[in-house]
Amino acid sequence: MPNAAAPLDLLLLPTWLVPVEPAGVVLQEHGLGIRDGRIALIAPRAEALRHPATEVRELPGMLLTPGLVNAHGHAAMSLFRGMADDKALMNWLQDHIWPAEAKWVDEAFIHDGTELAIAEQLQGGITCFSDMYFFPEVSSQLVHTSGIRAQITIPVLDFPIPGARDADEALRKGLSLFDDLRLHPRIKVAFGPHAPYTVSDDKLENIRMLAEELDAGIQMHVHETAFEVQQSLEQRGERPMARLARLDLLGPRFQAVHMTQINDEDLQLLVESNASVIHCPESNLKLASGFCPVERLWQAGVNVAIGTDGAASNNDIDLLGETRTAALLAKAVAGSATALDVHRALRMATLNGARALGLDDEIGSLELGKAADIVAFDLTELAQQPVYDPVSQLIYASNRNSVKHVWVGGKQLLDNRRLTRMDEEKLHASTIAWGQKIATSRS
């Protein structure tokens, strides 16, 4: 725990502070102190000001929350944003995305696309993200230099992918990356088998064994569409979740992305295994994949986190917007206006995401001793007035432009909407150049 006698490095004095844990709490006129990258103080303003601090930051009209956790995405696909819109999922994937990846994805593409995604996420209040994409060693280097936090997953499919001739090579490279980053303070390496229909039993069993040995997470697209489930029933005689349970993949480390198709047996498997579900509502809506029954999962005790998916199917990496969509959609799916209230929605975007990634001891809530991953949202705009409940105004009346400041591990990465470690002008130019090059080749 931090040394209580030492001066604070930074004291933040917002109008509101929402710690997320305990649930449903809104603290008004409190201060939050940071020392050595961790939360060292949460106290009423007058008491907080009695603690010596190297820097004191007044944040009038602002709401402090834990940093948002984007629990699923494909960062470098930002460079495919808007390239294949309004297509059915399998047509979008097989006829547009996979051919584009085969043509364009190399280390330079991953570098520039991931850098774009990191910048967009920081500007939207995301302090931690999970990335499932190719050349994970390139992505991890950008996470290291940018200061953001991430889970980097090792992509595994039964066929060749950019950066790996087969699944065995992908796993060999992944194990090397795991070894290189095992002590990194902000990067966690996990396994990312793409989906039940693209990874064979023997590869899944190998991944299970390695994940157990390394205490690593497994993130996988599961039950994304009714077609996927029906195909599995026809080809294997079992639903994908039943197959994963038979292979002993399900457990607290397992992160099931999408889960739009859930019957009673699927729900029981999720509850019994303590696996997490990662809900990607906007991607599922855009690709007409279905609706994840969030309220039903929540009431059953399943940990539900939220992800943006990739910008090729969303088309933004905006977790605050995603959370608003999730809250509204949950009410329609459940047929209840009380489903997924704003405090639970914010929890889904913070602490639940941290729990899904195995990081809830470190991030996801504003608690003493946790890493100082913090966002300051400005609630002073005319369209946000009056503020009866700052969490309601955040979820229902704000957007990512309300993000003013972002800290990760106590280091400020966004200051009054300015990225402190990234060259936005250079990034803008490189992104336009990629767009022109890809568009020219398709014309």
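Colleague: How far apart are the mean positions of the positive and negative charges of the protein?

Modeller: The mean positions of the 39 positive and 58 negative charges are 2 Å apart. Lys and Arg count as positive and Asp and Glu as negative, while His and the chain ends are not counted; each charge is placed at NZ of Lys, CZ of Arg, CG of Asp or CD of Glu. This is a predicted model, in which local features need pLDDT of at least 70 and side-chain atom pairs count only at pLDDT 80 or more, whereas totals for chains, interfaces and linings use all residues. Residues are numbered from 1 along each chain as its sequence is written, and side-chain values use heavy atoms, with hydrogens and water left out.

Colleague: What makes His 258 buried and Ala 288 exposed?

Modeller: Buried means under 20% relative accessible area, exposed over 50%, and partly exposed in between (1.4 Å probe, protein chains only). His 258 has 0% and is therefore buried; Ala 288 has 67% and is therefore exposed. Phi is positive in both non-glycine residues, near 90° for His 258 and near 55° for Ala 288.
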